[in-house]
Amino acid sequence: MAAQVNRTSWAPEKDAFDVTSLPTATGVGAALTSSPHKRSAGGLGELWADKRERIRHSSPYGNLPGWGLKPIIIKAGDNCRQELLALQLVRTFAEIYRTAGVRCWIRDFDILTTNTHSALIEAVTDAPSVHALKSRSQRGTTLREHFERKFGVGTPEFRKAQNNFVESLAGYSILTYLLQVKDRHNGNILLHDDGHLIHIDFNFMLSTSPGGINFESSPFKLTKEYLEVMDSDVEGSRSDAFDAYKALCIQGYLAVREHAERIVLLVEMMGASGCPCFNAGPKVIKQLRRRFNLALSEEQCVETVLGMISDSIDAWSTRQYDFYQRILNGIL
């Protein structure tokens, strides 16, 4: 049975978990690598800002005012129109969060489709996948241990990174639930150098899932490791960070809900595109609209979101899907 979330006093006091005024980390993790370059999260590469400056200084055109450098990946083989739709929706969610003043965070990035099955997509820099972090760490290393090793235990830098983690986890929890984004294994979830989680690869959304089986049946991914980063556990024990996460999920859901028809229209316009996410036919739009719970009061929506959090805590289907990916594809 899923752990129950305390439904009392869901909104923390103003600025109860706002650490934006804390000092910025300086040199955190510098001793973890002997590279001559500063390293990104987990020591897996040179920071993008450093690389950009290094290339600019070595370029004969680096002094020109229009000089720039854009990291991209080339994607081919999948239906890239669906990826374009997904990233348009990601950008819409990010805009809604910002406009509403909600501290939910998601990363939007650019995409240029060259045809149905190929595209140029902006690469997310300074953000290795959770799988990459784990594969280069001592076996069994948890996300909490990674945060403590990188930012220190109980330091202002740790609190800042934890805050970033909470804000991004809440932002993506609402997005992945409403859009039913699947295949959320640790190869498709990145961890930025500053603690933000970032989701990539939207091949399965709205009505599709790997193998055609909706195995990831929990509302969103909320694993034991995520809870540990938020000073909680699989029982959903209260903590400042976890309370902030719950509050942000509620605030984010209510903010996006006010723009339900805008989001539904964006999806509906692509209904005849032939994208795999529309294979289920008209019920795709019907189910999307239903997830906004437009007939419920705001108070009922609060209860609904808290219920989704309870159902997602260390969910069996999430654990089993991660186990399947680990055994079949070696994704940690």
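**Exercise 1.** Leaving aside neighbours within four places in sequence, which residues is Phe 93 in contact with?

*Solution.* Keep in mind that this is a predicted model. Start at Phe 93 and skip its neighbours within four places in sequence; the contacts left are Ile 106, Ile 174, Leu 175, Leu 178, Leu 179, Val 256 and Ile 263. Next, look at the largest nonpolar core, which has 80 residues, and you'll find Phe 93 among those with the most contacts inside it.

**Exercise 2.** Work out how helices H2 and H7 are oriented towards each other.

*Solution.* First, find H2 at residues 80-100 and H7 at residues 240-257. Then check the geometry: they pack at an angle of about 105°, with axes 9 Å apart. Angles from 65 to 115 degrees count as roughly perpendicular, so that's the label for H2 and H7. Now see who meets whom: Phe 93, Ile 96, Tyr 97 and Ala 100 come from H2, while Gly 252, Ala 255 and Val 256 come from H7. Sorted by class, this contact has 6 nonpolar residues, 1 polar and no charged ones.

**Exercise 3.** Find the buried residues of H8 and say how they are arranged around the helix.

*Solution.* Go through residues 260-268 and pick out Ala 260, Ile 263, Val 264 and Val 267 as buried. Looking down the axis of H8, you see them within an arc of 100°, so they line one face of the helix. Finally, ask what they pack against: H2, H7 and helix H9.

**Exercise 4.** Is Trp 105 buried, partly exposed or exposed?

*Solution.* Locate Trp 105 in the loop between H2 and strand S2. Its relative accessible area is 24%. Buried would need under 20% and exposed over 50%, so Trp 105 is partly exposed.

Terms used:
Residues numbered from 1 in each chain as written. Predicted model: local features only at pLDDT ≥ 70, side-chain atom pairs only at ≥ 80, totals over all residues. Heavy atoms only, no water. Axes fitted to C-alpha atoms, helices over the stretch in contact; angles between N-to-C directions. Helix = DSSP H or I, 4+ residues; strand = E, 2+ residues; numbered from the N terminus. Parallel < 35°, antiparallel > 145°, perpendicular 65-115°, else oblique. Contact = heavy atoms within 4.5 Å. Nonpolar A, V, L, I, M, F, W, Y, C, P; charged D, E, K, R; others polar. Buried < 20%, exposed > 50% of the residue type's maximum accessible area, 1.4 Å probe, protein only. Arc of directions from axis to C-beta. Core = buried A, V, L, I, M, F, W, Y, C linked by side-chain atoms within 4.5 Å.
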